[in-house]
Amino acid sequence: MADTLIVNARLVNEGREFDGDLRIEGDRIAAIGSGLSARPGETVVEAAGRRLLPGMIDDQVHFREPGMEHKADIATESGAAVAGGLTSFMDMPNTSPPTLNDAALADKYARAHGRARANYGFYFGASNDNLADVRGIDPKATPGLKVFMGASTGNMLVDDPDTLDAIFRDTPVPIITHCEDTPTIDAILAQYRDKYGDDIPAECHPDIRSREACIKSTRLALELARRHDTRLHVLHISTADELALFERGPMIRADGSRKRITAETCIHFLRFDRADYARLGHQIKCNPAIKDASDRAALLRALADDVIDVLATDHAPHTWEEKHNPYVRAPSGLPLVQFALVAALECVHEGHFDTARVVQKFAHAPAQLFDVKDRGFLREGCFADLVLVDDTPFTVRREDVLSKCGWSPFEGTTFRSRIASTWVNGALAWDGASLVGAPLGRRLEFDR
């Protein structure tokens, strides 16, 4: 693999934007400076003032393997991620079988080896009956423990109070939670089924998966975390109401201490709201639900104001045919990794925050939160996971979608930035039009 020199870039890192050059030697960033001279045999990339970012780290994806490969798999979805400037991912445990023990976790890592185009980590999952496995988690083996609190996903619903308390007390890794209260949801769903039968209008989804269900479950998670001083990360915040429950300020404070409780939102909550159900229907049906325009505006402000700590995708593909079932059978989730970064940069074009804020929430913060070793930053010595962004508009077309499901909720949307190049572990992996070379993703290391 030839070394690479990227010249005349606009580097975005750790709150700064500055002009400079960056040299890749092997799989690492060897030098960052100005006026770096090309060496014999180096590949020189002329950035011509374009933004150079660290590769994004998506801490919330569902790549559907094992067990649901008709929807997606590690190879296809990691390719879509790299095309979108996402160079590392952390995959959820609600597969088939679910990742509830060391053997299932090891199987996932084995599946990714040699097939993943992006770097990879896999969450351990909690259930009502795997507490011994949870207590035995190796902190270096997984980014964290996923707990579905009151939101049933197969046998991964944890609704036993004593088990929940023990999980928050004893888990040796950060806990990440999906917070929706199932009894609240079920009661509302029954009312809508009485009225509409199975074919409930898609625009009713945010009323069924209600803000009250989110708030109730989130409050419980925070209460447990404070009781046991647990490192808790609450996923996919979708309401303005929940924001008041979280601490404002940087994830790592000036004195070096860090928040014990952190919050995350997802790109679809920043780009869609209730009005879009009429146009997109079940394409944007997801859990928690996309809610009101006022929630969308509040979440954008919360990212700018450091109330929300992390931005992710919750990439969760389903087939086009599945999405066109009647409401009660149409699965929740949407494919997002390929266009998530350009969608976030659209928020920059709209003036909500700057590029450095996107990099902080989508690259630096996941690396810091999960103790990812040597990734998520433009620093000498870090792995060379890089994204070059070109501010040339493009319109999303179905034929360009790389996810196995073959569709995107962003079809027909024009974005003002595009991903010109992506490097993973020092090698060019996306050239702006096509995936390049063999899969070179590596297992993420957690420096604990």
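Visitor: How many cavities of 30 Å³ or more does the count come to?

Guide: The model is a predicted one, in which local features need pLDDT of at least 70 and side-chain atom pairs count only at pLDDT 80 or more, while totals for chains, interfaces and linings use all residues. Residues are numbered from 1 along each chain as its sequence is written, and side-chain values use heavy atoms, with hydrogens and water left out. On a 1 Å grid over the protein atoms alone, a cavity is a set of points where a 1.4 Å probe fits but cannot get out; grid points are joined across faces, edges and corners, and a volume is the space filled by probe spheres set on the points. By this rule, the number of cavities of 30 Å³ or more is 5.

Visitor: How much space lies in the largest cavity?

Guide: Lining residues have an atom within 4 Å of a point. For the largest cavity they are Pro 174, Arg 231, Leu 232, His 233, Arg 258, Lys 259, Arg 260, Thr 262 and Leu 369. With Ala, Val, Leu, Ile, Met, Phe, Trp, Tyr, Cys and Pro counted as nonpolar, Asp, Glu, Lys and Arg as charged, and the others, Gly among them, as polar, this lining has 3 nonpolar, 2 polar and 4 charged residues. The space in the largest cavity is about 50 Å³.

Visitor: How are α4 and α7 oriented to each other?

Guide: Axes are lines fitted to C-alpha atoms, for helices over the stretch in contact, and angles run from 0 to 180 degrees between N-to-C directions. Helix α4 (residues 161–170) and helix α7 (residues 211–228) pack at about 50°, their axes being 9 Å apart. Angles under 35 degrees count as roughly parallel, over 145 as roughly antiparallel, 65 to 115 as roughly perpendicular and the rest as oblique. The two helices α4 and α7 are therefore oblique.

Visitor: Which residues of α14 make the contact with α13?

Guide: α13 and helix α14 (residues 355–369) pack at an angle of about 140°, with 9 Å between their axes. That makes α13 oblique to α14. Contact means heavy atoms within 4.5 Å. On the α13 side the contact is made by Ala 340, Leu 341, Ala 344, Leu 345 and Val 348, and on the α14 side by Thr 355, Val 358 and Phe 362.

Visitor: With which residues is Arg 329 in contact, leaving aside its neighbours within four places in sequence?

Guide: Arg 329 is placed in the loop between α12 (320–323) and α13 (340–349). Its C-alpha atom is separated by 38 Å from that of Val 436, 107 residues apart along the chain. With those neighbours left aside, the contacts of Arg 329 are Asp 198 and Glu 322.

Methods: Helices (H or I, at least four residues) and strands (E, at least two) are DSSP runs, numbered from the N terminus. On a 1 Å grid over the protein atoms alone, a cavity is a set of points where a 1.4 Å probe fits but cannot get out, and a pocket is an open set with protein on both sides within 12 Å along at least five of seven lines; lining residues have an atom within 4 Å of a point.
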